[in-house]
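Please view the sequence and the model together while reading.

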Amino acid sequence: MPDSAKLIFPEIYAPQVREMKGEKFVWDSLRQIWLVLTPEEWVRRHTIAWLVAAKNIPALRISQEYPVNINGQHQRADIVVIDDFAKPYILVECKAPNVEIDNEVVMQAIRYNTVVQAQYIMLTNGKKLYCFEYADGKYRAAREF
């Protein structure tokens, strides 16, 4: 586990971690693959577990590394939650615990959301979590989604 393993999320996630050739990997049960265990991936795994267990979002509605094409450049949103109508509902940007959620991170999520058009964006580094709702052409701080 990363040095900064203690996150704000409830301890509902029991990761499967293994080491191969001196590198740690974590199991992604949604995509059924082993991923390199980086600090950002540690946050993403916990965020997904929290969305499923605490927010009752069906795992099948969670898309990871959601493709976002901005001015011909292929980028990816960390997590996008799809609603009942197969439209993006929440865009989640995860950062490593040592990365501050600053204006640059907010602007990155807003850029992605100009393409994705989710109603909510959520930003987390595992230590802090921010949620914004997009309505009437503006982003407002939101307590819940």
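**Briefing on the predicted model**

L7 counts as buried because its relative accessibility is 8%; buried means under 20% relative accessible area, exposed over 50%, and partly exposed in between, with a 1.4 Å probe and protein chains only. The model is predicted, and local features need pLDDT of at least 70, side-chain atom pairs count only at pLDDT 80 or more, and totals for chains, interfaces and linings use all residues. Residues are numbered from 1 along each chain as its sequence is written, and side-chain values use heavy atoms, with hydrogens and water left out.

- L7 is found in the segment before strand 1 (17-20); helices (H or I, at least four residues) and strands (E, at least two) are DSSP runs, numbered from the N terminus.
- Leaving aside neighbours within four places in sequence, L7 is in contact (heavy atoms within 4.5 Å) with W42, V43, H46, P97, N125 and G126.
- The C-alpha atoms of L7 and A77 are separated by 21 Å, and these residues lie 70 residues apart along the chain.

- Six strands form an open sheet in the order 4-5-6-7-8-9, with mixed pairing; two strands pair if DSSP finds at least two bridges between them.
- Its edge strands are strand 4 (62-70) and strand 9 (138-141), each of which pairs on one side only.
- From one strand to the next, the twist averages 35°.
- Strand 4 and strand 5 (residues 73-82) run antiparallel and are joined by eight bridges; in strand 5, I79 is the bridge partner of Q64.
- Helix 2 (residues 103-116) packs on the sheet and touches strand 4, strand 5, strand 6 (88-94), strand 7 (120-124) and strand 9, and its direction makes about 85° with that of strand 4; axes are lines fitted to C-alpha atoms, for helices over the stretch in contact, and angles run from 0 to 180 degrees between N-to-C directions.

**Strand 6 and its partners**

- Strand 6 is largely enclosed by the rest of the structure, because six of its seven residues are buried.
- Strand 5 and strand 6 run antiparallel, joined by four bridges, and I82 stands opposite P88 in strand 6.
- The hairpin of strand 5 and strand 6 has five residues between the strands, and A86 takes a positive phi near 65° there.
- Strand 6 pairs with strand 7 in the parallel sense over five bridges, and E93 stands opposite L123 in strand 7.

**Nonpolar cores**

- The largest nonpolar core has 24 residues, and those with the most contacts inside it are L51, I79, I90 and F145; such a core is a set of buried Ala, Val, Leu, Ile, Met, Phe, Trp, Tyr and Cys residues joined through side-chain atoms within 4.5 Å.
- Helix 1 (39-53), strand 5, strand 6 and strand 7 each supply at least two residues of this core, and helix 1 gives the most, with six residues.
- Another core, of 15 residues, lies apart from it, with V68, I82, A109 and Y112 among them.

**Cysteines**

- A search of the whole structure finds zero disulfides, a disulfide being a pair of cysteine sulfur atoms within 2.5 Å.
- The sulfur of C94 is too far for a bond, because the closest cysteine sulfur, in C131, is 13 Å away.
- C94 is buried at 0% relative accessibility, and C131 is buried with a relative accessible area of 8%.
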